[in-house]
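This report concerns helix packing and the surroundings of selected residues. The sequence and the structure are shown first.

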Amino acid sequence: YEIASCLGGSEMCIRDRSNSTALPSSPAGTHTVGNAPSVPTFELFNVRNEDHHPENGTLLGFWLYLMSDCLIFACLFAVYGVLGRSYAAGPSGADLFDLPLVAINTSLLLLSSITYGFAMLEMQKRRMGGTLVWLAITGLLGAGFIGLELYEFAHLLHEGAGPQRSAFLSSFFALVGTHGLHVTFGIVWLIVLLFQLPKHGFTAANRRRLMCLSMFWHFLDVV
C-alpha cells in the first residue's frame, strides 16, 4: 500500500499498488483486502507546499506601482499648470529661481541615471566591486541633488516665499517636494542594497531588487 496525497491536498488516501485503486484511510490506520486481514506497509511521502515566487510577478507589480506614481505626478503637474501664474501679488518664478543652480541640480540627477546604468551592466557581468562602486556614485549624485534642493527651499523660505505665500508657490513646493521625497526613498533603498549585495551576492532576489530600483530611479529622472 502507498499513502499518497489526494488531489484536494488535505485528504490522505491509501492506494493499492496492485490495482491503483484509491481507498479512503481507515480510522485505525489499517485496511482489510477481501476477507483476509493484512498488515499494510506504508510508504510516506512528505509533500511540502513551497512558496514559489513568480519570476516576473514582482516586476509586474512594480510596473503597476509606477503607473500609480505617474498618476500622482500627473495631478501635481496639472495643478502647477493651472496655478503657475497665481502669484497673489507676490514673486514669480523668474524673481526667485537661480537658473544655473537649477541646471546643476538637474544635471546631477541625469548623471545618476547614467551611473546606475553602469551598475546594471556590472551586475550582468557578475562583478561585485564594479556594481558597488557605481551604486555608491549614484547614491552620492542623488544626495547632491537632495542637498541642492534643500538649499533652494531654505533660500526661498528665507526670502519669505514659502508655500503659504501664493498658490504658485504652494503648487511648486508640493510638486518639487514630492519628487524630492521619492529621490530620498530611492537613496535609502540604494543604501540597503549596498549592504545586501556583499552579504548575499547576486541572488535572484537581489537582482530583482536592483532591476526594480533601476526602473524607479529612471522614472524619477524622467519626472
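This is a predicted model: local features need pLDDT of at least 70, side-chain atom pairs count only at pLDDT 80 or more; totals for chains, interfaces and linings use all residues.

Residues are numbered from 1 along each chain as its sequence is written, and side-chain values use heavy atoms, with hydrogens and water left out.

Helix α4 (residues 128–158) packs against helix α5 (residues 167–200) at an angle of about 155°, and their axes lie 10 Å apart. Helix α4 is therefore roughly antiparallel to α5 (angles over 145 degrees count as such). The crossing of α4 past α5 is left-handed (the near helix is turned anticlockwise from the far one by less than a right angle). By class, the contact of α4 with α5 has 19 nonpolar, eight polar and two charged residues.

T138 belongs to helix α4, and A119 to helix α3 (residues 99–124).

The side chain of T138 reaches the backbone oxygen of W134 at 2.8 Å. Not counting residues up to four places away in sequence, T138 touches S112, T115, Y116, L190 and W217 (contact means heavy atoms within 4.5 Å). With neighbours within four places in sequence left aside, A119 contacts T131, W134 and L135. The C-alpha atoms of A119 and V133 are separated by 7.7 Å, with the two residues 14 apart along the chain.

Terms used. Axes are lines fitted to C-alpha atoms, for helices over the stretch in contact, and angles run from 0 to 180 degrees between N-to-C directions. Helices (H or I, at least four residues) and strands (E, at least two) are DSSP runs, numbered from the N terminus. Angles under 35 degrees count as roughly parallel, over 145 as roughly antiparallel, 65 to 115 as roughly perpendicular and the rest as oblique. Ala, Val, Leu, Ile, Met, Phe, Trp, Tyr, Cys and Pro count as nonpolar, Asp, Glu, Lys and Arg as charged, and the others, Gly among them, as polar. A polar contact is a pair of N or O atoms within 3.5 Å; within protein, one must be able to donate a hydrogen and the other to accept it, and residues adjacent in sequence count only if both atoms are side-chain atoms.
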